[in-house]
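Subject: A structure for you to look at

Hello,

I am passing a structure on to you, and I hope you enjoy looking through it.

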Amino acid sequence: MPRIPSPRSAADDLHPGAYRPGAAGPSGTAPRAEPAPDGPRPVKADGVKAARSGADGAGPAAAPSHKVLKSLLGAWALAACSAEETTAVEDHLGDCAQCADEALRLRDAVGLLHTDRDLDLDPMLRFRVLENCLGRRPARIPVPAWADPYDAETARLDALLQDIGDSEWHAPVRLKWFDGKEQVSRRTTVAGVIGHLLTVDGLVVGALGLDDPLGPHAPLPPAARTELFWDAAKHPPTGAIREPWRDQSHALIRTVSFAGRGVDETSVSYGAFALPLRDALLDRAFECWIHADDIAEAVAYPYASPSGTHLNRMIDLAARLLPAALAERRHAGLAGPPQHLVTAGSPGRSLHLEVEGSGGGSWYIALDSPAAVGCPDRSVAQVALDGVEFCKLVAGHVSPEEAAAGQDGDREAIRDVLFAAAALSRL
């Protein structure tokens with residue numbers, strides 16, 4: 001018995017003569033075969049049939065050589081051999097261990113050729129490949145750990161842009177954010193979104209001494225920069241915007257990698273506020289993911305959330321910015337007054353923010369002053385949300401009334417914090 005079961009053959013793999021009758025002769029009978037010409041018969045492509053025939057077409061069939069049978073293993077694994085070839089190969093596999101091992105490998109390889117599998121690459125494939133490569137040979141100048149989220153999210157967005165067609169660059173995209181009182185939106189295109197990312201990333205680029213894409217006298221507020229870029233274009237942006245955005249993100253990563261220690265404390269001004277470079281790049285990674293998801297939705301393309309580690313850092317940045325955002329809303333008359341002021345650095349009244357899912361954790365948000373310290377002992381309320389849902393709230397894509405999955409405690413404090421989280425969003 002053969003050591004390896006034969007592959008299943010389809011009807012299309014059979015020789016045409018096996019299912020297609022020949023043309024009938026004049027009397028309705030099958031046509032007679034023409035006699036073979038004198039001299040030796042030519043060698044056929046079918047090595048097994050040639051080996052089974054004598055030099056003159058007569059005599060007992062000769063066993064095919066090992067070389068001939070080995071050359072047929074690939075066709076056998078694909079079920080592309082004739083019946084005679086299949087029999088000869090399987091007989092040979094029972095006697096030749098070398099060919100049997102190769103046949104097993106070829107059959108495993110054929111299993112990878114199924115067309116019913118998802119052709120989209122695993123979004124974590126790039127990370128695993130780089131991790132394996134760097135584990136064998138660490139980078140001479142590695143990317144700082146605090147810049148990893150920006151590096152990963154720009155690479156994921158670039159992979160998405162590579163897959164979309166030319167016409168999809170003009171697909172409509174509606175950017176959403178919270179203006180402090182209600183959710184607002186602005187209509188643009190896929191190319192317009194990349195232009196928006198290019199111009200706002202220019203704030204970080206300028207802080208590092210590189211060329212600002214809008215020039216040295218460009219405004220600092222992100223919304224003003226974006227409107228300037230959109231208004232200055234004579235024609236709507238196209239797919240050509242991808243290359244300058246990509247080159248700028250690569251230049252930014254190279255610069256922070258070569259800059260050395262202390263560069264993460266460089267101040268990046270957004271006009272009304274400023275962030276240290278490590279937080280500014282985290283903010284840019286967050287916006288890159290949010291707008292990549294907007295683009296993916298516009299072109300009907302699946303897009304995954306960031307890794308748990310990177311998502312946790314984004315949530316942590318938003319949690320650290322919440323006390324200041326709450327204080328700004330209080331000064332504007334949009335939040336309740338403070339109830340128990342304490343000295344700077346002392347524990348104050350807090351809200352327990354519990355984020356569930358990938359990248360989740362627990363944070364205690366100071367309610368009465370940005371200078372106070374949130375702590376479990378002074379907690380007066382608790383809010384539980386999913387990690388991605390919290391990020392959508394911070395991005396202004398989910399209204400504060402619909403965001404919380406669970407609430408307990410001081411209702412006014414819960415409302416103020418949820419609205420402050422939505423107020424972190426911007427164009």
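Leaving aside neighbours within four places in sequence, which residues is Thr-199 in contact with? Before the answer, please keep in mind that this is a predicted model.

Thr-199 is found in helix H9, and with a relative accessible area of 0% it is buried. Once its neighbours within four places in sequence are set aside, its contacts are Pro-213, Leu-214, Arg-225, Thr-226 and Phe-229.

Three of those names come up again in the next helix, H10. In H10, which covers residues 222-232, the buried residues are Pro-222, Arg-225, Thr-226, Phe-229 and Trp-230. Seen down the axis of H10, these buried residues fall within an arc of 130 degrees, so they line one face of the helix. What do the buried residues of H10 pack against? Their partners are strand E1 (172-178), strand E2 (183-189) and helix H9 (190-207).

Now for the chain as a whole. The protein chain has 16 helices and eight strands. Of its 427 residues, 39% are buried. Taking contacts between residues at least 6 apart in sequence, 68% join residues at least 24 apart.

Two packed helices are described by the angle between their axes and the distance between the axes.

The pair to begin with is helix H8 (residues 148-163) and helix H11 (residues 242-259). Their axes come within 11 Å and cross at roughly 160 degrees. Angles over 145 degrees count as roughly antiparallel, and H8 and H11 are therefore roughly antiparallel to each other. H8 passes H11 in a left-handed crossing. From H8, the residues that meet the other helix are Tyr-150, Asp-151, Thr-154, Leu-157, Asp-158, Leu-161 and Gln-162. On the H11 side they meet Arg-242, Trp-245, Arg-246, Ser-249, Leu-252 and Ile-253. Sorted by class, this contact has six nonpolar, three polar and four charged residues.

While you are in H11, have a look at Val-256, which lies in that helix. Is Val-256 buried or exposed? Its relative accessibility is 1%, so Val-256 counts as buried. Not counting residues up to four places away in sequence, Val-256 touches Pro-144, Trp-146, Ala-147, Leu-208, Val-263, Leu-277 and Leu-281. Val-256 and Arg-278 are 22 residues apart in sequence, and their C-alpha atoms are 9.8 Å apart in space.

The other pair is helix H13 (residues 308-331) with helix H14 (residues 387-394). These two pack at an angle of about 45 degrees, and their axes are 10 Å apart. H13 and H14 are therefore oblique to each other. Here, too, there is a left-handed crossing, as H13 passes H14. H13 brings Leu-311, Ile-315 and Ala-318 to the contact, while H14 brings Gly-387, Val-388, Phe-390, Cys-391 and Val-394. By class, the contact of H13 with H14 has seven nonpolar residues, one polar residue and no charged residues.

How many of the eight residues of H14 are buried? Six of them are, and H14 is mostly covered. The buried ones are Gly-387, Phe-390, Cys-391, Lys-392, Leu-393 and Val-394. The buried residues of H14 pack against several elements, namely helix H12 (277-298), H13, strand E5 (347-356), strand E7 (373-386), helix H15 (400-403) and helix H16 (411-423).

Last, two alanines in loops. Most residues other than glycine have a negative phi. Ala-79, however, has a positive phi near 60 degrees. Ala-79 lies in the loop between helix H4 (73-77) and helix H5 (83-93), and at 10% relative accessibility it counts as buried. Ala-300 also has a positive phi, near 55 degrees. Its place is in the loop between H12 and H13, and at 70% relative accessibility Ala-300 counts as exposed.

Terms used
Residues numbered from 1 in each chain as written. Predicted model: local features only at pLDDT ≥ 70, side-chain atom pairs only at ≥ 80, totals over all residues. Heavy atoms only, no water. Axes fitted to C-alpha atoms, helices over the stretch in contact; angles between N-to-C directions. Helix = DSSP H or I, 4+ residues; strand = E, 2+ residues; numbered from the N terminus. Parallel < 35°, antiparallel > 145°, perpendicular 65-115°, else oblique. Left-handed = near helix turned anticlockwise from the far one by under 90°. Contact = heavy atoms within 4.5 Å. Nonpolar A, V, L, I, M, F, W, Y, C, P; charged D, E, K, R; others polar. Buried < 20%, exposed > 50% of the residue type's maximum accessible area, 1.4 Å probe, protein only. Arc of directions from axis to C-beta.
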